[in-house]
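Here is a short report for a reader meeting this structure for the first time. Keep the sequence and the 3D view open while reading.

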Amino acid sequence: MTSGGRDAVLRVAVVGGGPRGASAVERLLANWAVRGGARTTAARAHGAERTTAPLAPRVSRAERLEITVFDPFTPGPGRVWRPEQPREFLMNTPCLFPTMIPSEPDLAPPLAGGSFLEWLRARQTDRAGDGDADAPAAEAELATDGLTAVERDETATLGATDYPPRALYGRYLADTYQAAVGAAPEGASVRHVRAEVARVGRTLHGWAVTTADGRARETDAVILALGHVPSKPTRAQHELVDAAARLGLTYLPPSAPADVDWDVLPAGRPVLVRGMGLNFFDVMIRLTEGRGGRFKEGAGGLEYFPSGNEPRLIAGSRRGVPYRGKADLDSYYAPDVRLRWLTRAAALAPRKAGLTPSFDADLWPLLHRDTLWAYYSTLARTEPEAVPPGFLAELEEALNVQDPSWEPSAERVVEALPEARRLDLRGLGAPFVGRHFDRRADLDEQVLAYLDADAASSARGQDDPLKMAIAALHRGRAVLKEAVADGGITEESWVAGLRGWFEGLVEGLASGPPSVRIRQLAALLRAGVVSTVGPGPRFSVDRGAGCFVADSPWVGGPPVYAAAMVEALAPANVVGAADSPLIESLLADGLVRPKFVAGADGVPRPASGLDVTAPPYRPLDVNGHAVRGLYVLGLQLSAVQWGTAIAAEAHPFGAPGEADDGAPYPSGQRTLRDADLAARDILGL
């Protein structure tokens, strides 16, 4: 509770110490430092919600700010990014991309820290000026810059477009958090309670935060920055857990790869793996290179030399192939790809006119045009002999048609090309659809050809038409994230369009791993360490054989049997299925509720995230009232924001002169701005 007079104290609890919670702390400190300034104009420009009884009159007397961060792990990295995890796990973005510190000019200036790349270069500079840089050091001993010997070696070799270990990014997050806390302005303090929060409840004067040991601490405001939370098993997964216990099998449910004990999987034995998305590549690398195997460039390409400690991995996914690898570029976005139709102005025009657009009818046709143009303009540039004279001009004219007839018009233009050179976007999402294979060996041969072709496409970078079509989708996501947020599209198209067919398509194409992982997977297939199940796999338990079993309706021959199975899937980000005492208690107490959205049949169904107000995001209670003093950041906003798991971007997409209005797209640092708005509201700015 805040007391009166000169000793007034404002107490804020931040539940969750990962990147979102760390950002909340950094923004609270930065805004506390400028709390005397007039920053309400900037807050209103970002749509900050105001209430009839704002906190400002009460907080304006506060002379001290006490922030308490609750997390069992170190604040900054939290659990997911902890620096102690295996070095084989790579980030899915290059060094130049992520940041914990905002750079938008209308936010309170940061007190310390910078982007990951700035942190990295500072340590490279320090190392270059260190006369003893080559001196031997104990393997686990900390150097003068706070890094271990392993971390120093990594920072010395990483470039802006390299993909760093997640553990090293965790070190950046820890260092940056500590730098922000160390620069706390007068009157502000931060402490860390290394415990899990089991309950958050109201008191007469504010809130009580109760940890798992039963101790309660009072606070005036609470920021929920929970990040990834465990998920209850589905009915099918529960059956697998039960069968594994009864039959003595090994079953690893969906989990963060760094949390799994991979040593329980025996060498030389078959292991079924469900899922071939990003988690799959972590499973793959941890059980091969992580067990002593080596990749080496040979005359025929990348080769794998087994250690003998690997299991035999048999992987299956709905599409039958993994996510496509990223193009090899000197930047995060392909510089040659510009959005001509899905500009920010065009995407936001319906909202400014007071209309709610449909994703399928209003937004996707614009991005579809950009994707087609990126593909065919790259084809015409790199292989001019492949297109007839005047092709691009005719295509551009068709794409500029304003009514729905643009699509058949464009199709007629494209028919001048051989079928093999035409772009089939839906086909990219399901490359083996309708194909039957007599044996799994035939399937693996085709999967290997797919991987080799994808790796070659990535190596061509901006000269590959397919990768540039995907680059247009990649850029389009930055625009869509802003356009669809906070009720920006109809509920029906959110469910059936954006989260229905489009999300799976764009993730499989544009959210893939670094291209080296595709080459490594191809090498593992050649070495016989990895094989595949086939599209639409069916995983079950054969109780008679006492094993897990998997097969595909599109692949002939016997099914695959194994005594071990791994779910290479992240836990579902669904608040209604969360295996979290805190979320369960918040729901049971009626302090929060899931957001319900209506599908094509008009029936409301619970969405993945919480029901919240406009920014700054306060949860709505069971009766639909905004909850005073409670704020939500991050993954639990997935029902009102799209792409909540993506890190903040160091330099917002669209440098001046690139975006259609000459300004950066705001979606790149949306998560940091959300933290800033919550901090401003708590401080009464």
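Asp-676 and Arg-27 form a salt bridge, with their closest N and O atoms 2.9 Å apart. Asp-676 belongs to helix H19 and Arg-27 to helix H1, so the pair ties together parts that are 649 residues apart in sequence. Asp-676 is buried, and Arg-27 is buried too. This is a predicted model, and these values are computed from it.

Asp-676 also meets Arg-680 in a salt bridge, at 2.5 Å from N to O. Both of these residues sit in helix H19, 4 residues apart, which puts about one helical turn between them. Arg-680 and Asp-676 are both buried. Through shared partners, salt bridges join Glu-26, Arg-27, Asp-676 and Arg-680 into one network.

The whole structure holds 35 salt bridges. One of them links Glu-297 to Arg-519, where the closest N and O atoms are 2.8 Å apart. Glu-297 lies in strand S10 (residues 294-298) and Arg-519 in helix H17 (residues 515-526), so this pair ties together parts 222 residues apart in sequence. Arg-519 has a relative accessible area of 29%, so it counts as partly exposed.

## Nonpolar cores

In soluble globular proteins, nonpolar side chains tend to be buried together. Here the largest nonpolar core has 48 residues. Which of them touch the most other members? They are Val-14, Val-25, Leu-28, Leu-65, Ile-67, Ile-223 and Ile-682. Several elements each supply at least two residues of this core, including strand S1 (9-15), helix H1 (19-33), strand S2 (64-70), strand S7 (221-224) and helix H19 (670-683).

Setting aside neighbours within four places in sequence, Ile-223 is in contact with Val-12, Ala-13, Val-14, Val-15, Ala-24, Leu-28, Tyr-631, Leu-633 and Ile-682. A second, separate core has 47 residues. Among them are Leu-342, Ala-347, Leu-372 and Ala-380.

Strands of a sheet pair through backbone hydrogen bonds, either parallel or antiparallel.

S4 and strand S5 (residues 207-211) are joined by 5 bridges and run antiparallel. In one of these pairings, Gly-201 has Ala-208 in S5 as its bridge partner.

Most residues other than glycine have a negative phi, and most peptide bonds are trans. Two places in this model depart from that pattern. A cis peptide bond joins Pro-615 and Pro-616, with omega about 0 degrees. Pro-616 is found in the loop between strand S19 (604-610) and strand S20 (630-632).

Asp-486 is not a glycine, yet its phi is positive, about 55 degrees. Asp-486 is found in the loop between helix H15 (465-484) and helix H16 (491-510). With a relative accessible area of 32%, Asp-486 is partly exposed.

## Confidence along the chain

The chain averages a pLDDT of 91, and 91% of the residues score at least 70. Over residues 1-6 the pLDDT stays under 50, and the model has 14 contacts beyond four places in sequence for them. Residues 653-658 also have a pLDDT below 50, with 13 contacts beyond near neighbours in sequence.

Methods. Residues numbered from 1 in each chain as written. Predicted model: local features only at pLDDT ≥ 70, side-chain atom pairs only at ≥ 80, totals over all residues. Heavy atoms only, no water. Core = buried A, V, L, I, M, F, W, Y, C linked by side-chain atoms within 4.5 Å. Buried < 20%, exposed > 50% of the residue type's maximum accessible area, 1.4 Å probe, protein only. Contact = heavy atoms within 4.5 Å. Pairing = 2+ DSSP bridges. pLDDT = per-residue confidence, 0-100. Salt bridge = Lys/Arg side-chain N within 4 Å of Asp/Glu carboxyl O.
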